[in-house]
Amino acid sequence: MALYVASSSSPSTSISSSTFPFSTSSSELGGKSPQIGSLRLSDWNRPHVLSQGVNFSRRNCSVKPVNAEPKRNGSIVPLAATIVAPEVVEVVEKVEVEDYNQLAKELECASPLEIIDKALEKFGNDIAIAFSGAEDVALIEYAHLTGRPFRVFSLDTGRLNPETYRLFDTVEKHYGIHIEYTFPDAVEVQALVRNKGLFSFYEDGHQECCRIRKVRPLRRALKGLRAWITGQRKDQSPGTRSEIPVVQVDPVFEGMDGGIGSLVKWNPVSNVQGQDIWNFLRTMNVPINSLHSQGYISIGCEPCTRPVLPGQHEREGRWWWEDAKAKECGLHKGNIKEENTGQLNGNGNAAAQANGTATVPDIFNNQNLVTLGRTGIENLARLENRKEPWIVVLYAPWCTFCQAMEASYVELADKMEGTGVKVGKFRADGEHKEYAKRELQLGSFPTILCFPKGSCRPIKYPSEKRDAESLMAFVNALR
């Protein structure tokens, strides 16, 4: 006999030996029909008894008696064996990949407001503005003008100026926002300071300190985003930012999805001149860092930022003791051309240039300029009783700051003709750089030295103002 019972999912209707004792022993039956609880098996053919004894569920049930024969057709194979599982069709959602090179071309002539509006529309809450506490406050004003919600984050390195912290507070209150601050790892900072001191960057370059205090915290922050907005401009740094597009796939950092290409970088003011940014800030009455009124233009950490003089490039106030090629902290490392990226040493100088292999035309070429070789500069430095004073520039022809002062230095040489002052130049990169650093006080290019008459020790020109009149005043003061 085959027995099956179909019930609902309620536990109370499940049948088990503990609930319904079922014995078929002849001694227990006593000649009576076998019984399940109060129901005798002889009552199974009596519907009115079943309806009173067991309340079965009326749900349809497809369970068949375990010994029932399957319905056969003409095939000799049982029906159950011929059932074919339904075919699973995998639907692959087509994901459109944005061509950001093409988008950059389309937005090349767009205003910063249009570009930021496009960025916020496209990425919503997965994009944020990077705010350093300088003139990039313009980005926040543009985002505010779009009327869209936006996020702002900032890297607190622990060494910012007090004025920058005050600006952060003012900006939050002015726009009714909360800046998302990111901090460096305390253990890494502690190890750096304990091992190398508070100002090691003056000795071996800023890259290590920036890597700990800025680059790694930024990397963590960007892992929670799909895009970010920066205040980079092409006119900020001639050596590294002259070709930045308005939008690009970030070549260095990764976004929340991970992997190369997972983060988009927007540079909405890349084509805007610095003066136009300032006109916008004044027109819109945007809160600014009070350091700007003290001669600071590009503002970073307090020990690595100083005011610039009129006529100086704004990046000359950053890491002034290093070469022009080092004017990036690592946040925008992707700006540096690939062929030069692996050639930067700890002090930010390109290795190919340091080895004298760069094929760059020489500068400071004038008939009134004396070109000194290694022997010539060594002899000049050893002379104790010079008959005439010298002014010598230590330079590297690839340095943009050396190139920028070429005209004024040539003008100085022409004006010094016939005065008894010799004007010279010494190329101090490549194999001569260590000597120049050790013996000639070379810190960064260009370095200008005066070798006074009757004195062996050269005197270093202390100012960043390199026009011909300022250099002449320096020479005349030591004559």
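Q: What covers the buried residues of α18?

A: This is a predicted model, in which local features need a pLDDT of at least 70 and side-chain atom pairs count only at pLDDT 80 or more, while totals for chains, interfaces and linings use all residues. Residues are numbered from 1 along each chain as its sequence is written, and side-chain values use heavy atoms, with hydrogens and water left out. Helices (H or I, at least four residues) and strands (E, at least two) are DSSP runs numbered from the N terminus; buried means under 20% relative accessible area, exposed over 50%, and partly exposed in between, with a 1.4 Å probe and protein chains only. In helix α18 (residues 468-478) the buried residues are A468, S470, L471, F474 and V475, and their cover includes β10 (390-395), α16 (406-416), β12 (447-451) and β13 (459-460).

Q: How many helices and strands are there in the chain, and what percentage of its residues count as buried?

A: The chain holds 18 helices and 13 strands, and 43% of its 479 residues count as buried. A contact means heavy atoms within 4.5 Å; of the contacts in the chain with a separation of 6 or more, 70% are between residues 24 or more positions apart.

Q: What does the chain average in pLDDT, and over which residues is the pLDDT below 50?

A: The pLDDT is the predictor's confidence in each residue, from 0 to 100. Here the chain average is 77, and 71% of the residues score at least 70. Residues 41-83 have a pLDDT below 50, and this stretch has 27 contacts in the model beyond near neighbours in sequence. Residues 336-358 also have a pLDDT below 50, with 37 contacts in the model beyond near neighbours in sequence.

Q: At what angle do the axes of α5 and α6 cross?

A: Two packed helices are described by the angle between their axes and the distance between the axes. The axes are lines fitted to C-alpha atoms, for helices over the stretch in contact, and angles run from 0 to 180 degrees between N-to-C directions. Helix α5 (residues 112-123) and helix α6 (residues 137-146) have axes that come within 9 Å and cross at roughly 70°. Angles under 35 degrees count as roughly parallel, over 145 as roughly antiparallel, 65 to 115 as roughly perpendicular and the rest as oblique, and α5 and α6 are therefore roughly perpendicular to each other. A crossing is left-handed if the near helix is turned anticlockwise from the far one by less than a right angle, and right-handed if clockwise; that of α5 and α6 is right-handed. At this crossing P112, L113, I116, D117 and L120 of α5 meet L139, Y142, A143, L145 and T146 of α6.

Q: Is the crossing of α6 and α11 left-handed or right-handed?

A: The crossing of α6 and α11 is left-handed, and their axes come within 10 Å at an angle of roughly 55°, so the two helices are oblique to each other. The residues that meet are V137, A138, E141, Y142 and L145 in α6 and I277, F280 and L281 in α11.

Q: Is G274 buried or exposed, and with which residues is G274 in contact?

A: G274, in helix α11 (residues 274-283), has a relative accessible area of 12% and is therefore buried. Leaving aside neighbours within four places in sequence, G274 is in contact with R233 and D235; R233 is 41 residues away in sequence but 7.8 Å away in space, C-alpha to C-alpha.

Q: Which residues does R466 touch?

A: R466 is in the loop between β13 and α18, where a relative accessibility of 13% makes this residue count as buried. Not counting residues up to four places away in sequence, R466 touches E316, F401, M405, S408, P446 and L471.

Q: What kind of peptide bond joins F445 and P446, and what is the phi of N285?

A: Most residues other than glycine have a negative phi, and most peptide bonds are trans. A cis peptide bond with an omega of about -10° joins F445 and P446, and P446 lies in the loop between α17 (433-439) and β12. N285 is not a glycine, yet has a positive phi of about 55°; N285 is exposed, with a relative accessible area of 62%.
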